[in-house]
Amino acid sequence: DVPEQQDVPEQQDVPEEEDAPILCYKDMLAYEPGETWTEGCSDCSCGSDGEWACETEPCCLYIDHNGATKRVIAETEQADSKVGSMAVGARKKYSDGCNRCRCKYDPDRNEALSICNKPKRACPNKCQYVNWDGVKGYANVGEIVYVMVSDAESGYECPKICMCSRNEEGEAEVSCTSLDGLVEPCVYF
């Protein structure tokens with residue numbers, strides 16, 4: 001016995017789903033093609049194929065007066081030449097919140113170096129801290145600071161919103177204790 005042939009319905013045109021947009025994903029963020037962003041000393045962009053790429057230049061990172069990470073591209077020997085050196089050199093200077101600094105490229109070490117006041121100034125009315133990007137800087141007493149600190153409960157570093165204040169001895173220090181004496185929690189995004 002030969003099985004009966006069954007009529008197979010004609011394949012219907014299935015409407016195609018709209019193509020999902022092409023995006024680049026980096027560190028839990030989505031970028032559209034052509035979009036650019038900065039990561040430390042790198043300039044990154046999202047390609048039309050959804051792949052991201054970064055180009056890195058030697059630079060120095062510092063914290064501005066609002067606690068945000070900023071960068072200065074390092075001076076190179078070419079920048080130090082007599083042609084245009086004043087204009088180029090002027091952009092290479094910055095303040096770490098306490099000292100005046102310059103960012104200079106060291107070809108022997110293949111890295112940018114922060115060259116600050118010599119000797120470095122002591123800043124007793126300022127708190128030295130590390131911000132959420134891991135960059136060191138200084139804040140004035142009374143300023144809110146966004147710091148990375150070790151969390152006593154987890155043992156991991158976590159971001160906290162704290163205050164530069166004076167301790168019982170009158171020294172400036174970062175305090176992550178609220179006015180009611182509680183330890184500020186980690187900030188989770």
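**Arg-102 and Glu-75**

I looked up Arg-102 to begin with. Arg-102 counts as partly exposed, at 32% relative accessibility. This is a predicted model, so I read every value here as computed from it. I then checked the partner of Arg-102. Glu-75 forms a salt bridge with Arg-102, and the closest N and O atoms are 3.0 Å apart. I placed both ends next. Glu-75 sits in the loop between strand 7 (69-73) and helix 1 (85-91), while Arg-102 belongs to strand 9, so the pair ties together parts 27 residues apart in sequence. Is Glu-75 buried or exposed? I find Glu-75 buried, at 4% relative accessibility. The cut-off for buried is under 20%.

I moved on to Lys-26. Lys-26 makes a salt bridge with Glu-39, with 3.6 Å between the closest N and O atoms. Strand 1 holds Lys-26 and strand 3 (residues 36-39) holds Glu-39, so this pair links parts that are 13 residues apart in sequence. I compared their cover. Lys-26 is buried, with a relative accessible area of 14%. Glu-39 is partly exposed, at 27%.

I asked which residues the shared partners join into one network. I found Lys-26, Asp-27 and Glu-39, joined by salt bridges that share partners.

Asp-27 lies in the loop between strand 1 (24-26) and strand 2 (29-31). Its relative accessibility is 57%, so I log Asp-27 as exposed. I also read its backbone. The phi of Asp-27 is near 50 degrees, a positive value in a residue that is not glycine. I noted the background: most residues other than glycine have a negative phi.

I looked for another positive phi. Asn-110 has one, at about 55 degrees, although Asn-110 is not a glycine. Where does Asn-110 lie? I place Asn-110 in the loop between strand 9 (100-106) and strand 10 (111-116). Asn-110 is exposed, with a relative accessible area of 56%.

I then checked Arg-109 and Glu-111. The side chains of Glu-111 and Arg-109 meet in a salt bridge, at 3.3 Å from N to O. Arg-109 counts as exposed, at 52% relative accessibility. Glu-111 is partly exposed, at 33%.

**The glutamate patch**

I searched the surface for charge. Glu-168, Glu-169, Glu-171 and Glu-173 gather there in a patch of negative charge. Glu-173 lies in strand 15 (residues 172-175). Its relative accessible area is 36%, so I put Glu-173 down as partly exposed.

**Whole-structure totals**

How many salt bridges does a search of the whole structure find? I get five. The secondary structure comes to one helix and 15 strands. Of the 189 residues in the protein, 27% are buried. Last, I checked contacts between residues at least 6 apart in sequence. Among these, 34% join residues at least 24 apart.

Note on methods:
Residues are numbered from 1 along each chain as its sequence is written. This is a predicted model: local features need pLDDT of at least 70, side-chain atom pairs count only at pLDDT 80 or more; totals for chains, interfaces and linings use all residues. Side-chain values use heavy atoms; hydrogens and water are left out. Patches are made of residues with over 30% relative accessible area and no salt bridge: like charges are joined within 9 Å, nonpolar side chains (Val, Leu, Ile, Met, Phe, Trp, Tyr) within 5 Å. Accessible areas come from the Shrake-Rupley method with a 1.4 Å probe; for residues, only the protein chains shown count as cover. A salt bridge is a side-chain nitrogen of Lys or Arg within 4 Å of a carboxyl oxygen of Asp or Glu. Lys and Arg count as positive and Asp and Glu as negative; His and the chain ends are not counted. The place of a charge is taken as NZ of Lys, CZ of Arg, CG of Asp or CD of Glu. Helices (H or I, at least four residues) and strands (E, at least two) are DSSP runs, numbered from the N terminus. Buried means under 20% relative accessible area, exposed over 50%, partly exposed in between (1.4 Å probe, protein chains only). Contact means heavy atoms within 4.5 Å.
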